[in-house]
Number of protein chains: 2
Amino acid sequence: MGRDERGVTPQSEDFSAWYNELVAKAQLVDRGPAKGTMVIRPYGYRLWELIQGELDQRIKDTGHENAYFPLLIPESYLQREAQHVEGFSPELAVVTHAGGKELEEPLVVRPTSETIIGEMMAKWVSSHRDLPLLLNQWANVVRWELRPRMFLRTTEFLWQEGHTAHADQADAMRETMLALDLYTEVARDLAAIPVVPGEKTAGERFAGAARTFTIEGMMRDGKALQAGTSHYMGTNFAKAFEIQYTSEAGRLELCHTTSWGMSTRMIGGVIMTHGDDKGLVLPPRVAPHQVVIVPIGRGDQALDAARDLAGRLKAAGVRVHVDDRAHLSPGYRFNDWELRGVPVRLELGPRDLESGTVVMAKRLGDEGKQSIPLDSVAEIMPGVLEDFQAFLLRRATDFRDAHTHTADTWESFADAVTQGWALALHCGTAACEDEIKAETAATPRCVPLDGASETGVCVRCGQPATYGKRVIFGRSY
Amino acid sequence: MGRDERGVTPQSEDFSAWYNELVAKAQLVDRGPAKGTMVIRPYGYRLWELIQGELDQRIKDTGHENAYFPLLIPESYLQREAQHVEGFSPELAVVTHAGGKELEEPLVVRPTSETIIGEMMAKWVSSHRDLPLLLNQWANVVRWELRPRMFLRTTEFLWQEGHTAHADQADAMRETMLALDLYTEVARDLAAIPVVPGEKTAGERFAGAARTFTIEGMMRDGKALQAGTSHYMGTNFAKAFEIQYTSEAGRLELCHTTSWGMSTRMIGGVIMTHGDDKGLVLPPRVAPHQVVIVPIGRGDQALDAARDLAGRLKAAGVRVHVDDRAHLSPGYRFNDWELRGVPVRLELGPRDLESGTVVMAKRLGDEGKQSIPLDSVAEIMPGVLEDFQAFLLRRATDFRDAHTHTADTWESFADAVTQGWALALHCGTAACEDEIKAETAATPRCVPLDGASETGVCVRCGQPATYGKRVIFGRSY
Ligand SMILES: [Zn+2]
Ligand SMILES: [Zn+2]
């Protein structure tokens with residue numbers, strides 16, 4: 001089948017071009033006028049809402065409360081935590097004029113909210129009874145991007161940022177891992193991305209964090225995508241903003257804080273984990289339309305039947321859309337919904353109506369088209385969608401495992417990271433990480449939480465390995 | 001009962017002080033560091049989420065799709081619609097530096113999104129088949145405020161902004177009125193605010209609109225609060241941004257657009273419509289906690305019973321909170337929840353447990369405390385809450401009607417607007433509106449949609465009245 005004007009460059013030819021063309025043609029996103037900004041179109045935003053709704057529920061169920069903090073932060077706030085300001089300064093957008101005047105102190109458009117939330121936490125926390133303080137915010141943030149890529153690196157993006165304060169390190173670390181678990185589950189259960197949770201090495205830590213944890217997914221070009229991070233801040237921000245409490249014993253103590261975020265970047269992860277040369281492949285749980293019905297033929301008969309069927313599917317809890325664009329050919333519409341990644345397409349023509357059946361075509365899988373009784377569609381569809389969801393997770397897991405190689409020699413390491421990930425022992429020095437990056441473009445993605453204990457020497461420099469287990473290395477987004 | 005340190009200035013003494021103290025003491029909001037910004041605390045944000053959830057559902061049910069447009073807008077975009085830029089220029093916050101450099105063109109932090117959405121609509125609309133285009137965005141916006149007031153006028157606020165494009169005036173006007181109806185219903189059904197829907201006079205129109213409609217609520221100091229607006233833009237923005245389509249007849253036509261917004265200002269409306277000298281009074285449908293249970297006495301017996309009861313209330317669909325702050329006296333906790341406006345308080349002490357009852361105290365009403373069987377609480381509570389919701393709407397409606405006076409003489413007009421609203425005939429000239437404002441601080445709030453036809457002369461200048469009906473005048477927020 002030839003590519004019509006809606007087709008996209010094949011992944012194997014140019015993965016980047018495939019991605020850039022697809023996000024636009026599938027109507028997920030459009031370029032904004034300011035450098036690196038994006039317009040999230042309804043189809044892309046609905047996908048985000050579905051992720052957001054589920055993540056929000058899980059955040060609430062674990063005892064966190066949503067709040068909202070100002071977008072504009074005095075520049076001096078960022079300077080209070082030395083590593084933090086150093087990490088973010090090059091990316092800041094700064095408001096210098098407002099209300100027709102030059103401001104006395106410039107305001108930074110938040111790149112993240114640790115500083116302003118730290119300032120407020122200091123006001124709100126005084127006793128051990130105020131702890132833990134478990135907050136979350138849904139917000140937009142701005143980080144100036146020189147090499148923007150829609151969803152993956154944009155000047156403005158949407159996210160949630162959890163910010164919590166605790167009495168001691170143990171409680172803060174429990175929270176850090178709880179957030180990481182939430183992310184692991186949401187990525188796996190909703191987006192069907194079999195992410196690996198692990199800890200970042202020192203060189204890849206968040207600016208100002210004592211420890212940074214991450215979930216890493218493998219994209220279909222073998223690169224890693226950091227899909228969510230959870231940071232234990234130690235007392236760094238508590239010191240900078242004087243977040244203190246009086247303990248039961250009556251002593252003034254510093255809080256231990258955490259922060260954790262998941263963003264619209266997840267949409268990029270969904271696209272690059274499941275998509276193929278025909279376009280998007282959406283996991284049913286995040287698909288704006290789980291099922292599209294395409295009525296075929298002149299007159300209203302097929303359209304009426306399609307609407308009737310849609311009503312029954314809706315009643316069965318299925319997100320269904322009827323494509324009533326009668327001015328477009330069936331073939332054009334089929335291709336369109338394949339491009340847009342709808343899990344299940346139902347075709348309903350005059351012959352189907354006569355025989356009381358409907359043609360079902362899944363977006364992926366070996367079954368081809370199947371003719372099924374019209375009366376059974378609503379009943380079987382929830383199961384069909386669950387199976388498709390499970391199929392995608394299995395497929396992505398198989399892909400990840402097939403592209404992950406244990407590397408004990410430099411040659412096998414260098415080879416592994418051209419195709420996927422290398423599992424290697426490493427000395428843990430920044431200089432050695434830098435050398436590896438310079439030669440292969442690969443970086444340590446994480447030290448996996450569930451990695452088996454292992455000792456030995458660094459795959460690159462031969463010095464004794466640290467971490468006590470293998471590190472995942474890969475090229476990344 | 002004396003005012004303890006948590007008490008607030010009585011409304012009758014100083015309504016503004018009452019409001020400012022209450023929003024902070026009820027933990028709805030805190031001041032942000034940048035001028036006029038606010039931190040919405042969990043209790044305030046939950047209230048917003050409850051409004052937002054219901055409004056979002058109604059917006060979706062009427063065929064609109066959510067999308068997201070960039071925060072930062074090139075300054076030149078605002079200049080394309082002359083009235084629009086004139087209206088917003090004094091309020092803009094401007095990003096001049098980003099990524100460590102001075103920008104070639106400054107970027108405005110969106111004060112509203114007509115311009116950037118207009119630019120995108122022009123890209124997305126080409127045929128009559130693309131219409132109507134029905135979009136909505138949930139976002140933060142920034143308008144520099146010289147006289148900030150939490151929720152009512154803040155430098156940054158949260159809102160939804162609907163933006164739609166239509167083939168002709170009739171369809172765009174239908175949309176404008178549909179949005180106004182949504183707002184009227186949400187204000188009345190959720191917030192128990194008996195708003196009056198009507199049209200703004202020319203002088204009070206949105207910058208760039210052809211017609212502006214509003215819902216106006218009466219606060220307990222007799223002032224009006226504009227709680228939502230819906231604008232018919234005519235072809236003003238379509239001309240400025242070239243939003244055009246090819247009609248069925250093959251002609252190139254300009255679209256007719258609308259926009260409509262409701263914001264966190266609504267929270268201010270809830271506070272000032274229902275609150276009293278003891279604090280907030282929250283309508284059950286927007287109350288973060290509809291019921292608070294206060295266990296009384298030493299040991300775990302009351303607390304266990306409270307948690308058990310809370311479980312049954314939750315199962316009955318009630319938002320319930322158990323106040324387990326055993327280190328605070330019952331009286332302190334009772335006052336605290338009255339201040340925070342919880343509709344129903346349940347007190348559960350040792351004597352109640354013995355007799356199998358619980359003491360119920362409603363936030364308002366004449367019944368006083370009632371002792372009711374513990375076993376019946378979960379069953380009767382949804383009805384109790386519905387009654388309380390209806391009671392608040394009736395009370396607010398009675399208050400509004402008692403403070404609205406038909407004024408046919410200047411004396412009665414001037415008197416009416418010191419206490420509430422005046423219903424008066426008006427000539428419709430801006431000069432006469434300005435005179436009225438200069439003398440009484442009252443402005444035309446709206447020409448009510450359901451006002452009876454009436455002709456006569458202007459209450460101020462004696463010239464023939466316009467509009468064909470009476471106009472609502474009042475002081476306003
Ligand atoms: Zn090494
Ligand atoms: Zn007049």
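In this predicted model, the side chain of R363(A) reaches the backbone oxygen of L280(A) at 3.0 Å. R363(A) is placed in the loop between β18 (357–362) and β19 (370–373) of chain A. With a relative accessibility of 6%, R363(A) counts as buried, because the cut-off for that class is under 20%. When residues up to four places away in sequence are not counted, R363(A) touches D276(A), K278(A), G279(A), L280(A), V281(A), E338(A), G341(A), V342(A), P343(A) and F388(A).

One of the residues touched by R363(A), E338(A), is also among the buried residues of helix α10 (residues 330–339) of chain A. The buried residues of α10(A) pack against one helix segment, α1 (15–25), and against the strands β15 (291–295), β16 (320–322) and β17 (344–348) of chain A. G341(A), another contact of R363(A), follows α10(A) and has a positive phi, near 80 degrees.

Chain A also contains an open sheet of 11 strands with mixed pairing, in the order β3-β7-β8-β14-β11-β10-β9-β22-β23-β21-β20. The edge strands are β3 (65–66) and β20 (404–406) of chain A, each of which pairs on one side only. Within the sheet, strand β11 (residues 224–234) and strand β14 (residues 256–263) of chain A pair in the antiparallel sense, over five bridges. Y232(A) stands opposite T258(A), which belongs to β14(A).

Salt bridges were then considered. Over all chains, a search of the whole structure finds 64 salt bridges. In one of them, the side chains of R46(A) and E49(A) meet at 3.0 Å, N to O. Both R46(A) and E49(A) lie in helix α2 (residues 42–61) of chain A, three residues apart, which is about one turn of the helix. R46(A), at 28% relative accessibility, counts as partly exposed, whereas E49(A), at 13%, counts as buried.

A salt bridge between E119(A) and R80(A) has its closest N and O atoms 3.0 Å apart. This pair links distant parts of the chain, with E119(A) in helix α5 (residues 114–124) of chain A and R80(A) in the loop between α3 (75–79) and α4 (82–88) of chain A, 39 residues apart. E119(A) has a relative accessible area of 25% and is partly exposed. R80(A) is likewise partly exposed, with a relative accessible area of 37%.

Salt bridges in chain A also form a network, in which E54(A), R58(A), E185(A), R188(A) and D189(A) are linked. In chain B, the side chains of R188(B) and D189(B) meet in a salt bridge of 2.9 Å, N to O. R188(B) is partly exposed, and its relative accessible area is 36%.

The interface between the two chains was examined next. Contact involves 52 residues of chain A and 52 residues of chain B. The size of an interface is often given as the accessible area lost when the parts come together. Between chain A and chain B, the buried area is about 4,200 Å², and carbon and sulfur atoms give 65% of it. On the side of chain A, P33(A), P42(A) and Y68(A) lose the most area to chain B, together accounting for 15% of what that side buries.

Four salt bridges are counted between chain A and chain B. E49(A), which is joined to R46(A) within its own chain, also meets K60(B) in a salt bridge through their side chains, at 3.2 Å, N to O. Polar contacts between chain A and chain B number 26 residue pairs, both residues being at pLDDT 80 or more. By class, the side of chain A that touches chain B consists of 31 nonpolar, nine polar and 12 charged residues.

Strand pairing also connects the chains. Strand β5 (residues 93–98) of chain A is joined by five bridges to strand β5 (residues 93–98) of chain B, and the two run antiparallel. In this pairing, V95(A) has V95(B) in β5(B) as its bridge partner.

Conventions
Residues are numbered from 1 along each chain as its sequence is written. Chains are lettered from A and ligands numbered from 1 in the order in which they are written. This is a predicted model: local features need pLDDT of at least 70, side-chain atom pairs count only at pLDDT 80 or more; totals for chains, interfaces and linings use all residues. Side-chain values use heavy atoms; hydrogens and water are left out. Contact means heavy atoms within 4.5 Å. Buried area is the accessible area (1.4 Å probe) that two parts lose on being put together, summed over both. A polar contact is a pair of N or O atoms within 3.5 Å; within protein, one must be able to donate a hydrogen and the other to accept it, and residues adjacent in sequence count only if both atoms are side-chain atoms. Ala, Val, Leu, Ile, Met, Phe, Trp, Tyr, Cys and Pro count as nonpolar, Asp, Glu, Lys and Arg as charged, and the others, Gly among them, as polar. Two strands pair if DSSP finds at least two bridges between them. Helices (H or I, at least four residues) and strands (E, at least two) are DSSP runs, numbered from the N terminus. Buried means under 20% relative accessible area, exposed over 50%, partly exposed in between (1.4 Å probe, protein chains only).
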